[in-house]
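Visitor: Please take me closely through one part of this model, the contact between its two chains. Then show me what lies around it on either side.

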Amino acid sequence: MSDVILEVRDLVKHFPVGGGFFGGKPALVKAVDGVSFSIRRGETLGLVGESGCGKTTAGRCILQLETPTSGQIIFEGQDLTGLTHQELRKVRRRMQVIFQDPYSSLNPRMTVGQIIAEPLAVHGIVPERWTRKARVTQLLSHAGLLPAMADRYPHELSGGQRQRVGVARALAMEPSLIICDEPVSALDVSIQAQIINLLEELQAEFGLTYLFVAHDLSVVRHISDRVAVMYLGKIAEITDRKSLYENPQHPYTKALLSAVPIPDPAVEAGRERVVLGGEVPSPLNPPPGCVFHPRCPIAVDECRRLVPELREVRPDHRAACLRI
Amino acid sequence: MDVLLEVRDLQTQFSTGGGVVRAVDGVSWDVRAGETVALVGESGCGKSVSALSVMRLVAAPAGRIVGGAILFKGRDLLALSDEEMRQIRGREISMIFQEPMTSLNPVLTVGRQVTETMEIHLGMTPARARGRAAEILTLVGISDPERRLGQYPHQFSGGMRQRIMVAMALTCNPALILADEPTTALDVTIQAQILELLKDLSRKLGVAMLMITHNLGIVARYADRVNVMYASRIVERGTAREIYAHPRHPYTLGLLRSVPRLDEPKKAKLAPIPGQPPDLTRLPPGCAFAPRCAFVMDRCRAERPELQSVGPEHVSACWVAGQLGQDGRG
């Protein structure tokens, strides 16, 4: 269990915006600003936060779809940041992604069978055409789809079925790590549970490791072993699921949890609510000191000056807050 | 309590290439003065079309209201002339849409958009309307309103734009607000801000609200009564407490069981509803939920159940509704 499959060390991704032609220094969007965490083989790490907190960018940096500004991404013992294109191709087989929007992540002019078969051919996993078809059928059935689906086009499928195709395509490469970027948030409530169960079944069957990027705290709690909460490019808190949900330390985590309504009026009536004022500041110009201080209910003067380090506040429970 | 809005046997249809879609098929519900009623269901169940029908904003010629009555303060909105309807729309009933960016005009200042309804409906002078607009912006929590009124929608964040939408809905002191997924596009902490704001305002000003959402948590937190829709029809209705404590329709039960909850121990496995929502052009003859239902019997496939009383103020359209309540939500 202690075998670390992925280690992210001090990851930074800054996007320059503006500036350019007429000189002028471009401004920097600090999308990810010094993030470190590790994932053990076979576990699910949930990465939660609101839009713009950098969770998706972090995922894309791990996949090397974005080149990190600095930091290291060590996957199965190999630092990905220094690899050539050729070397990356081999690594990518072991690391797959499932996107949020099953409508735009499938090629509308390919059949489901072609979509799943393409990576098998490109990477030479199943080079012969006739055996490839059998493999596609097998992958479809892993994802809970009938073999006949192979001849359909994406537009003929429902949202849930499309997301299953996305899952089958990711499985085709026999990866060890799958980055799930909001895999259920575009789906209807009754379908979300189907996909979550599917992901869990596949994890058990194939020993997969997941980085589960999402904003829905209830879903993340259900699927994750450990959870990291991000705010404005930084990790605010990271620990195992139980500690995070039962004993949150960071004021942002507390507010997030309190903002999630529970589907039971009897419980809701007696719940204490922490409603955060203000909004997430722009990552173009993050506040000095602790990035959360302008919205923090317990901020003091020094929070405006000092950047809190992510430190161990309880055994195996790290949070970035001066007030803990 | 006084019934403010009563929708009776509403039927709204759309003609499409694939056939006639009965988007709303014989639906009845009401909203009483000052209360918050929820219309819950998944995409395509007809909840938004229900609200658009009340506003008479169903897109013609494809969409048509083909039957039923919509009684607002005793007057049938479907019998009004376009001019009379304009007097009600935005003045007595206003609407908040899901996507604040697409429902604000990008080339007009926010001030122009907030004051327009007051000038038209209340005959205010531009100066007075602007003064009132500043008051309303303060009410919805936008600081420095005088300056903000001169800005354009793109200068506001998503949460602020939704506050503008709420402000616009409030300008003429409506009796009823139809809020169509008002916070779906927003982040959790901003969603909490907007919903608290809506609830405070509806209490303070006595505005009734129809809240359309797919989020069962939001309904539990804010609604007094709940209508659950599935495939163009209401399948269950009751007080929020009753619906959540004793759901009497397999669909409601399935929805409640399929979502993970923060306050309960983590379940080993979620209990999803199998299958997927039906194609509205090809509905099965009996109960539309039968193909996905855990309690299905032969009768369900042949005969469609109507809403029947299963308790005080609680109705359900299911042949086994009686048995469902016995074991609680299990």
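This is a predicted model: local features need pLDDT of at least 70, side-chain atom pairs count only at pLDDT 80 or more; totals for chains, interfaces and linings use all residues.

Guide: Where they meet, 19 residues of domain 1 are in contact with 14 residues of domain 2. On the domain 1 side, strand S2 (19-32) and helix H9 (216-222) of chain B each supply at least two residues. S2(B) gives the largest share of that side, nine residues. By class, the domain 1 side has 10 nonpolar, six polar and three charged residues.

Now the contact between the chains. Here 35 residues of chain A are in contact with 38 residues of chain B. Look at the chain A side. Helix H6 (189-206), helix H7 (217-223), H9 and helix H10 (265-269) of chain A each supply at least two residues. The largest share comes from H6(A), with seven residues. The chain A side divides into 20 nonpolar, nine polar and six charged residues.

Zoom in on one helix pair across this contact. Helix H9 (residues 251-259) of chain A packs against helix H8 (residues 188-205) of chain B. Their axes are 9 Å apart, and the angle is about 55 degrees. H9(A) and H8(B) are therefore oblique to each other. Their crossing is left-handed. From H9(A) come Ala255(A), Leu256(A) and Ala259(A). They meet Val188(B), Thr189(B), Gln191(B) and Ala192(B) in H8(B). Five residues of this helix contact are nonpolar and two are polar, with no charged ones.

Strand S10 (residues 234-240) and strand S12 (residues 317-319) of chain A pair in the antiparallel sense. Three bridges join them. One detail to find on the model: Glu237(A) has Ala319(A) in S12(A) as its bridge partner.

Helix H3 (residues 112-122) and helix H4 (residues 129-142) of chain A pack at an angle of about 120 degrees. Their axes are 10 Å apart. That angle makes H3(A) oblique to H4(A). H3(A) passes H4(A) in a right-handed crossing. On the H3(A) side stand Gly113(A), Ile116(A), Ala117(A), Leu120(A) and Ala121(A). They meet Arg132(A), Arg135(A), Val136(A) and Leu139(A) in H4(A). This contact has six nonpolar residues, one polar and two charged.

Return to chain B and S2(B), the strand with the largest share of the domain 1 side. S2(B) is part of an open sheet of four strands, in the order S2-S1-S4-S5. The pairing there is antiparallel. S2 and strand S5 (75-76) of chain B stand at the edges with a single partner strand each, so one side of each is left without a neighbour in the sheet. Further in, strand S1 (residues 3-16) and strand S4 (residues 63-72) of chain B run antiparallel, joined by eight bridges. Glu6(B) stands opposite Leu71(B) in S4(B). Helix H1 (residues 47-54) of chain B packs on this sheet, touching S1, S2 and S4 of chain B. The direction of H1(B) makes about 115 degrees with that of S1(B).

Strand S11 (residues 308-311) and strand S12 (residues 314-316) of chain B pair in the antiparallel sense over three bridges. Gly311(B) stands opposite His314(B) in S12(B). The two strands form a hairpin, with two residues between them. In the turn, Glu313(B) has a positive phi of about 55 degrees.

Terms used. Residues are numbered from 1 along each chain as its sequence is written. Chains are lettered from A and ligands numbered from 1 in the order in which they are written. Axes are lines fitted to C-alpha atoms, for helices over the stretch in contact, and angles run from 0 to 180 degrees between N-to-C directions. Angles under 35 degrees count as roughly parallel, over 145 as roughly antiparallel, 65 to 115 as roughly perpendicular and the rest as oblique. A crossing is left-handed if the near helix is turned anticlockwise from the far one by less than a right angle, and right-handed if clockwise. Two residues are in contact if their C-beta atoms, placed from the backbone, lie within 7 Å. Ala, Val, Leu, Ile, Met, Phe, Trp, Tyr, Cys and Pro count as nonpolar, Asp, Glu, Lys and Arg as charged, and the others, Gly among them, as polar. Two strands pair if DSSP finds at least two bridges between them.
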